[in-house]
Protein chains: 2
Amino acid sequence: MRPMAVGSFLSSGNTPRCRVGILGFGTVGSAIAARLGGNHGVDGLDLTHIFDRRAFAKRDALCNQPSALHSNIVWTTRFEDVLASDVDVVVEAIGGIEPAAEWIRAALLAGKSVVTANKQVIALHGTALLQLAERQGRQLRFEAAVGGAMPIVRAVSDGLAGDRLTRIVAILNGTSNAILSRMEATGCTLAEGLAEARHRGWAEADASADVDGIDARAKLAILCGVGFKLRVDPARIDTRSIAQLSPSEFQDVRKRGGTIRQLAFAEYDRSLAALTAWVAPVVVPRSSIFARTCGPQNAALITGEHAGEIGVFGAGAGGAATAVAAIGDLLAIARDRSAIVPAPAWSAPAIVKGLERGVRIVDLDQKSQEEQAGGTLAEAV
Amino acid sequence: MRPMAVGSFLSSGNTPRCRVGILGFGTVGSAIAARLGGNHGVDGLDLTHIFDRRAFAKRDALCNQPSALHSNIVWTTRFEDVLASDVDVVVEAIGGIEPAAEWIRAALLAGKSVVTANKQVIALHGTALLQLAERQGRQLRFEAAVGGAMPIVRAVSDGLAGDRLTRIVAILNGTSNAILSRMEATGCTLAEGLAEARHRGWAEADASADVDGIDARAKLAILCGVGFKLRVDPARIDTRSIAQLSPSEFQDVRKRGGTIRQLAFAEYDRSLAALTAWVAPVVVPRSSIFARTCGPQNAALITGEHAGEIGVFGAGAGGAATAVAAIGDLLAIARDRSAIVPAPAWSAPAIVKGLERGVRIVDLDQKSQEEQAGGTLAEAV
């Protein structure tokens, strides 16, 4: 597919182009804008509006850069301007819970579809917002909320819809994974690992949501929704911080052939309606896919009754990776703007359990010969 | 989601149930039938018709088994009965090119959507059939044609649609992978590895399409379509058999830290419209994801300009895995039967190149520390 010249309002397939407004010009919003509004553009999508509280300062700062956006974009400091405009889809990239949730609601009520990278809003308000989207005959898509460019929301909700999923084990936070794999590789402290992650652009100024597992548990709650059809309040997920990990703990587990990763774990026993879910630093075998996941990568193993384990991994953090997921969602909406996306009927689990000490996770990986002999073990640090 | 009682014609969401007819009651067809027509069923899908040339013998053979299908299913030895019936979706699981392609065409013309596991038909006739489906306002889905339960068609065509893909490297044939990993593990001959794969149900009586790469190249042609928007005749893909590999070659490469896998490789240079594509046994490093892929598993690394490498792996062969993919497609159709799925505009590459001796494939894997130091190398055997 060749990029269209900016300003063309018909794609090569004679499909009307889809008009896009972006809320928030931070890491994610600016990466999406650069793809849609730069020299090449994305076939079928027109970036027409950008909202940011500091829109004009950010626009002016861009002017002298070679990556400048095209000049037809309306920049605004008022959300209402985007709401009242003729954009077909609003991309919510402001983060946080409010006003993001309220603005997503307002956009759907105004007849616009919404693409969001906001894991907290989807984890807390996903069911209600998806129901609103269905009532409005619009779409709400959130591939970018979980796993960066790794297409795990689609893999779980569509690709593996033909299975009955029983377990999801994953590295869902690229920042903490970059910190932990740095500690493993260099013997540095957590503070030093965090400083390095910030230096590389993999951590925000305040990384507490990453380090403490708050980010990963929101993503895990979303995966419990799309994978198990369960509505889980993220606050009910047993969540343990990596903040207290020391270099000596890495040395200890290394001697035993392992390393430490922040894992998100969810297992659903349908017969008891019992969910076990936690986010915690755990010891994983060096040969497992999780130990091999280094830097700001994400990885997930999804187990179904019929197909066994399916794995997926890839870039889990950063604006470019998140933009790939958001643009995939935009293209899905543009392809069929009248698609009916029924709101999911997620039920609450009867029981929610947390991490038990010394938890044994067998089959954590594709079975290499070593593992077939020895099995695999993940345990709480 | 709780399974519905068989015979309910409304799901819990008041969506009309989708009536399904299956063509072919072999490994794949019977696995799908067991899921749809067994004790539990799949919410929203009603299996109403089964066509097979030996339908009555197969039906009678099932009668005494505990896994018996429900008794409302119409069994027939005439395709025309399915065509004239009120099924909404036809699952094509007869394999081969004809009459499969002709029957898919007839089903679409009769106003039915089609789900197929048939890689040869999609690789050869996919563009024309997808255009026909669009004209008919129906859907043609083929997740089951590539990668078994591994949702690679969706990952490439939807999840990574927001990237510009440049390369796909994959193990796409579970049978040959089971043979090669058996040769690696036990030092056996190819004939012995094939016998073992047959014994385990991973190989058909005639495995020549697997061993010679004909199966993998059809799947690679499909991935070139959904990933690069290229129409590639599978016969133009440089394809080399694993049939001549001997135990001594495995011993040689083992000494150098590698092993041998049947890889499918495609790389697209958009500036030259040049596609490099081949299927061949190549040496891969022991630490790579491909060496770690053992038994009838599949694995793929998909590289994009923006998100870097995304990996996916899982069960690549067998009825249960293929049924997961086909049922995912059935559920997608059932969810929105009036969805518009525009036919893709795939163009022909200007240049098609094959495998060059000693090809160097860098970044074949998530970068472990060893690999960051040494790089990775795949070379023609």
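In the predicted model, α1(B) passes α13(B) in a right-handed crossing, a crossing being right-handed if the near helix is turned clockwise from the far one by less than a right angle, and left-handed if anticlockwise. Helix α1 (residues 27–37) and helix α13 (residues 319–335) of chain B pack at an angle of about 65 degrees, with their axes 8 Å apart. Axes are lines fitted to C-alpha atoms, for helices over the stretch in contact, and angles run from 0 to 180 degrees between N-to-C directions. Helices (H or I, at least four residues) and strands (E, at least two) are DSSP runs, numbered from the N terminus. On the α1(B) side, the contact is made by B:T27, B:V28, B:S30, B:A31, B:I32 and B:R35, and on the α13(B) side by B:G319, B:A320, B:T322, B:A323, B:A326 and B:I327; residues are in contact if their C-beta atoms, placed from the backbone, lie within 7 Å. Seven nonpolar, four polar and one charged residues make up this contact.

This is a predicted model, in which local features need pLDDT of at least 70, side-chain atom pairs count only at pLDDT 80 or more, and totals for chains, interfaces and linings use all residues. Residues are numbered from 1 along each chain as its sequence is written, while chains are lettered from A and ligands numbered from 1 in the order in which they are written.

Helix α1(B) also lies across β1 (18–23), β2 (45–51) and β4 (89–92) of chain B, running at about 145 degrees to β2(B). In chain B, six strands form an open sheet with parallel pairing, in the order β3-β2-β1-β4-β5-β6; two strands pair if DSSP finds at least two bridges between them. The edge strands are β3 (74–76) and β6 (140–141), each pairing on one side only. Strand β5 (residues 113–116) pairs with β6(B) in the parallel sense over two bridges, and B:L140 is the bridge partner of B:V114.

Between the chains, the contact takes 53 residues from chain A and 53 residues from chain B. On the chain A side, α13(A) gives the most, with 11 residues. Strand β12(A) pairs with strand β12 (residues 308–315) of chain B in the antiparallel sense over three bridges, and A:F313 stands opposite B:G311.

Chain A can be laid on chain B with an RMSD of 0.0 Å by a turn of 180 degrees and a shift of 0.0 Å along the axis, the superposition being by least squares on the C-alpha atoms of residues with pLDDT of at least 70 in both. That is the relation of a two-fold axis.

Definitions and conventions
Contact = placed C-beta atoms within 7 Å. Nonpolar A, V, L, I, M, F, W, Y, C, P; charged D, E, K, R; others polar.
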